Amino acid sequence: MAVAATTKTGARPSRAGRRPSAPAWVGTVPFFAYVAIFLIWPTGIVVVDALKNPNGTWAFSNLSEFGNPLVRGYFIGSLKLCLISSVTGAVFGAILAYAVASGDPDGLIRRLYIAVSGVLAQTGGVTLAFAFLVLIGPVGLLFHASWYFEFPWGIGLIYTYFQIPLMVLVFMPAIDGLKVQWREASENLGASSWQYWRHVGGPLLLPAFLGATLLLFANALSAFATIQAWENQIAYVVPQQISTALSSEVGLSNVNEADLLALGMIIMVAIVMTGYALLLRRAARWLR
Amino acid sequence: MNALVAAAKKEGTLNIIACPPTWANYGSIISTFEKKYGITINDAIPDGTSQQEVDAVKSENGTAKAPDVLDIGMAVALANTSLFAPYEVSTWSDIPAAQKAPNGIWVQDYGGYMAIGYSSKYGTITSLNQLLGPQFKGAVALNGNPTAANAALNAVMMVNLAQGGTAGNIANGVNWFAKLKAAGNFNPVSATGATIKAGTTQIVFNWDYLNLPSYVGVTNWKVFVPSGIALGGYYAQAINKNAPHPAAARLWEEFLYSQAATGGQNLWLQGGARPVEQPAMTSNSSIDTAAAAKLPTISGTPVFLTQAQSTDAANYLAANWAKAVG
């Protein structure tokens, strides 16, 4: 693209222009190599092994496992937990982000808030689950939440602890992108606050909001250490059952089952991504 | 033996895997061996599972990092015999025939009986059904998922036997845990020293040698075993057939099965585990009697799950456990 533009405008030939073929694609090699090694190759292994027997022969009948009520249960569990924690995280995070963004852009509160969110969004795993266990578990320091071990409520609450700050971080730039002139313009034209949000602010923020929610969904889908520390005597979600399939010492270990479950998670993300892309196209139509 | 010691010293290093220092006295077993022979021991992933040990043998095969010896559960040992080298230690004849492979490809090393550890603030527990009472809200825990962890599977089996079930059918045990859950007393957090110290898992099903005050890290800790229920479990030693330090691996085995006062068998006993040569050592008086006297009393005929019983139980749990307690 850059090379073509240079020649078209007739500017002084660049060094790149004299050696036309190499540089244009060489620069993309690290990116594609990275994607191939860390995304495509492992995904390929998962897909291939999911369709094999432990002895290495093809077994497309493995796919019928998705009809097994037990296996479906893990996916329904994952779906419930991801939906609850991502929607809660997105709604509360968006409100918080708006509250913070409408304050002084260089103020102490805002800087403090972003810094704290950056830390909390990365908090998870054993420490987080243990903190909640000690605070509201069976012998809670604060109180004993009788629903603490009920799936998905207890773990959903724990997940929102890092989902809300993550939402604040990823959604703040979108709110900052709302120009104050747009608000002034709509007010000058007699729009109410509701009308501004319904016809201007809302549609503008919707794609970012959906994208951020999707990020939160994926964040919850792949989380393992936190839920495993919350409880590890029952497999509620897919990653927990993958762990059992990989490490069972009582004869239930089956790498191919783990691959099949991972394939299911890939399909799950693919469905969510497709839905998001369709929504985005609809939401962004007016931008074109 | 002298040739073996010389060859092992020449190798200078031994790779072991998944041996937590606080587990069955491994910390002092490792340091005693290192001091005695001047061989450095690398303990990879101390908190790993038996399956992870076998995975490491496969994935690190041929490298200097590969584990030389394994300490694994029986289900994993029997499923992976093709990875091991047979070896008969010099005390071979003192190991009961049922606890070793005839060719020495695996040999049981130490074990214990399933027991219920509990905080002494509950007074004295004398029956399993007491645990269904309201004072035990959210207190009763296993140490893992019984479809994955051997100790947890045996915990459910122990309850099953106490509830009139047989080793071939674990359903009564699962039903009891469903009652425990309905009573609000089941605690699904994996019990560790940290959760016990924090007071969040006050009652823990585990092997007796992992239910010692010294292991869980609190002093007010007692142990209860339902009367007449002796459900045992032993781990096994196996040598990686492609061990990077073959002589050190065999010397380590000789050390572990040694009946000396500071040999592996008595050191395990001091860690609360029951060494496999304990009956023979009791007869020939080489046993550490003080340590043996500290073991919890077990009554009844010892039961050890066969491979088939363990597999049946695992399959039943895979289909019914989550439904019962989820």
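Let's start in the loop between β1 (13–17) and α2 (26–37) of chain B, where A18(B) lies; helices (H or I, at least four residues) and strands (E, at least two) are DSSP runs, numbered from the N terminus. Phi of A18(B) is near 55°, a positive value in a residue other than glycine. With 22 C-beta neighbours inside 10 Å, A18(B) counts as buried. Here a residue is buried if 20 or more other C-beta atoms lie within 10 Å of its own, exposed if 12 or fewer, and partly exposed in between, with C-beta atoms placed from the backbone.

A24(B) lies in the loop between β1 and α2 of chain B. Although A24(B) is not a glycine, its phi is positive, at about 50°. A24(B) is buried, with 28 other C-beta atoms within 10 Å.

## About the model

This is a predicted model: local features need pLDDT of at least 70, side-chain atom pairs count only at pLDDT 80 or more, and totals for chains, interfaces and linings use all residues. Residues are numbered from 1 along each chain as its sequence is written, while chains are lettered from A and ligands numbered from 1 in the order in which they are written.

## Chain A as a whole

Chain A has 13 helices and zero strands. Its radius of gyration is 24 Å, well over the 19 Å that the globule rule gives for 288 residues, so chain A is more spread out than a compact globule. That radius is taken over C-alpha atoms, and the rule is 2.2 Å times the number of residues to the power 0.38. Along the principal axes, the C-alpha atoms fill a box of roughly 70 × 60 × 35 Å. Of the 288 residues of chain A, 31% count as buried.

Helix α10 (residues 193–222) of chain A has a kink of about 50° at G202(A), shortly before the proline P203(A). The bend is the angle between axes fitted to the seven residues ending at a residue and the seven starting there. Among the buried residues of α10(A) are L204(A), L205(A), F209(A) and F217(A).

The loop between α7 and α8 of chain A holds P152(A), and a cis peptide bond joins F151(A) and P152(A), with omega about 0°. S146(A) lies in the loop between α7 (125–136) and α8 (153–176). With 13 C-beta neighbours inside 10 Å, S146(A) counts as partly exposed.

## Helix packing in chain B

The axes of α5(B) and helix α6 (residues 171–182) come within 7 Å and cross at roughly 100°. Axes are lines fitted to C-alpha atoms, for helices over the stretch in contact, and angles run from 0 to 180 degrees between N-to-C directions. α5(B) and α6(B) are therefore roughly perpendicular to each other; that term covers 65 to 115 degrees, with under 35 roughly parallel, over 145 roughly antiparallel and the rest oblique.

α5(B) also packs with α13(B), at an angle of about 95° and with axes 11 Å apart. L153(B), V156(B) and M157(B) in α5(B) meet A313(B), A314(B) and L317(B) in α13(B), where contact means C-beta atoms, placed from the backbone, within 7 Å.

## Where the chains meet

The contact takes 35 residues from chain B and 22 residues from chain A. On the side of chain B that touches chain A, the largest share, eight residues, comes from α13(B). That side divides into 17 nonpolar, 17 polar and one charged. Ala, Val, Leu, Ile, Met, Phe, Trp, Tyr, Cys and Pro count as nonpolar, Asp, Glu, Lys and Arg as charged, and the others, Gly among them, as polar.

Note on methods: Contact = placed C-beta atoms within 7 Å.
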